[in-house]
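Here's a quick walk through one chain, written for someone who likes to know the cut-offs. Have a look at the model first, then read on.

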Amino acid sequence: MRAGGADAALQLRGRIPPERRRRRQRLPGTPGRSPPPPRGRVCAGERLPGRGLRKARPPCGLDVNECELYGQEGRSRLCMHACVNTPGSYRCACPSGYRTLADGKSCEDVDECVSPQHVCPRGTVCINTGGGFQCVSPECPEGSGNVSYVKTSPFQCERNPCPMDSRPCRHMPKTISFHYLSLPSNLKTPITLFRMATASAPGRPGPNSLRFGIVGGNSRGHFVMQRSDRQTGELLLAQTLEGPQTLEVDVDMSEYLDRSFQANHVSKVTIFVSPYDF
Ligand SMILES: [Ca+2]
């Protein structure tokens with residue numbers, strides 16, 4: 001009882017019995033645990049490329065280039081975009097048109113179109129893009145013969161009613177709409193970019209058959225237009241895109257009632273691809 005009581009008293013006072021103290025003493029010539037490196041200095045060893053050997057640890061206080069060290073394959077990247085080595089540390093930098101987020105490594109596009117200053121001239125519409133913006137002014141096609149168009153919204157044109165006997169007029173698009181998309185580079189494909197659906201006027205029978213197709217643009221080979229359900233078609237990006245580039249693709253939806261052509265609608269899709277993967 002007494003011995004137990006003495007042990008308890010020693011523990012309470014935080015004292016270590018002499019035999020345990022000896023075990024904890026370092027043997028002569030044995031290195032102890034190194035103190036942690038001072039903040040902002042890195043003392044890690046570095047593997048020499050291709051040799052499997054480790055360089056001697058640089059003395060603490062010598063700068064290690066974290067950007068090079070973590071830029072090697074197989075290691076997680078320190079920064080979403082650029083890594084800038086600084087004495088004893090590093091910082092991340094984002095390209096022009098992007099801001100660095102609170103995590104210090106991610107980049108976010110600046111939406112210039114919400115800026116209180118008007119960045120686009122009067123009569124044009126601002127479209128935000130990755131790293132910049134575009135000022136666009138969608139124009140209706142010029143009329144010819146008995147076909148003419150009127151702008152019904154900033155992004156839509158409608159054909160004026162055709163004379164009853166004019167078949168060529170009825171085969172011109174009934175509506176032309178304009179769509180602008182901003183994409184990063186190297187998106188994983190296939191991916192749906194755009195959907196197009198029919199809407200019947202209230203009280204009137206809608207089309208009972210639809211056909212979709214790509215009818216124009218500067219890069220038709222990158223896209224596939226396909227039906228996604230009875231009333232909807234979708235535009236798929238089939239090939240990976242690398243920016244900066246601007247692509248245009250015109251898609252058509254034709255409406256049929258009992259196999260008889262009723263009207264077609266064209267959507268002109270413009271895609272701004274940013275130079276970066278974000
Ligand atoms: Ca932007």
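In which sense do strand β9 and strand β15 pair, and over how many bridges? They run parallel, with nine bridges joining residues 175–183 of β9 to residues 260–273 of β15.

## Ground rules

This is a predicted model, so local features need pLDDT of at least 70 and side-chain atom pairs count only at pLDDT 80 or more, while totals for chains, interfaces and linings use all residues. Residues are numbered from 1 along each chain as its sequence is written.

## Confidence

pLDDT (the predictor's confidence in each residue, from 0 to 100) averages 81 over the chain, and 75% of the residues score at least 70. Residues 1–57 are another story: pLDDT stays under 50 there, and the model has 26 contacts beyond four places in sequence for them. A contact here is two residues whose C-beta atoms, placed from the backbone, lie within 7 Å. Where pLDDT is low, the predicted coordinates should not be read in detail.

## The overall fold

The chain comes to four helices and 15 strands. These are DSSP runs numbered from the N terminus: helices are H or I with at least four residues, strands are E with at least two. Of the contacts with a separation of 6 or more, 47% are between residues 24 or more positions apart. Of the 278 residues, 17% count as buried (20 or more other C-beta atoms within 10 Å of a residue's own, with C-beta atoms placed from the backbone).

## The sheet

Six strands make an open, mixed sheet in the order β7-β8-β9-β15-β14-β11, where pairing takes at least two DSSP bridges between two strands.

## Two cores

A nonpolar core is a set of buried Ala, Val, Leu, Ile, Met, Phe, Trp, Tyr and Cys residues joined through C-beta atoms within 7 Å. The largest has 14 residues, and Phe223, Leu235, Val249, Val251, Val269 and Ile271 touch the most other members. Elements giving two or more residues to this core are β12 (223–229), β13 (232–237), β14 (245–257) and β15. Leaving out residues up to four places away in sequence, phenylalanine 223 touches Ile214, Leu235, Leu236, Leu237, Ala238 and Val249.

A second, separate core has eight residues, including Met80, Cys83, Cys94 and Cys107.

Conventions: Buried ≥ 20, exposed ≤ 12 C-beta atoms within 10 Å, placed from the backbone.
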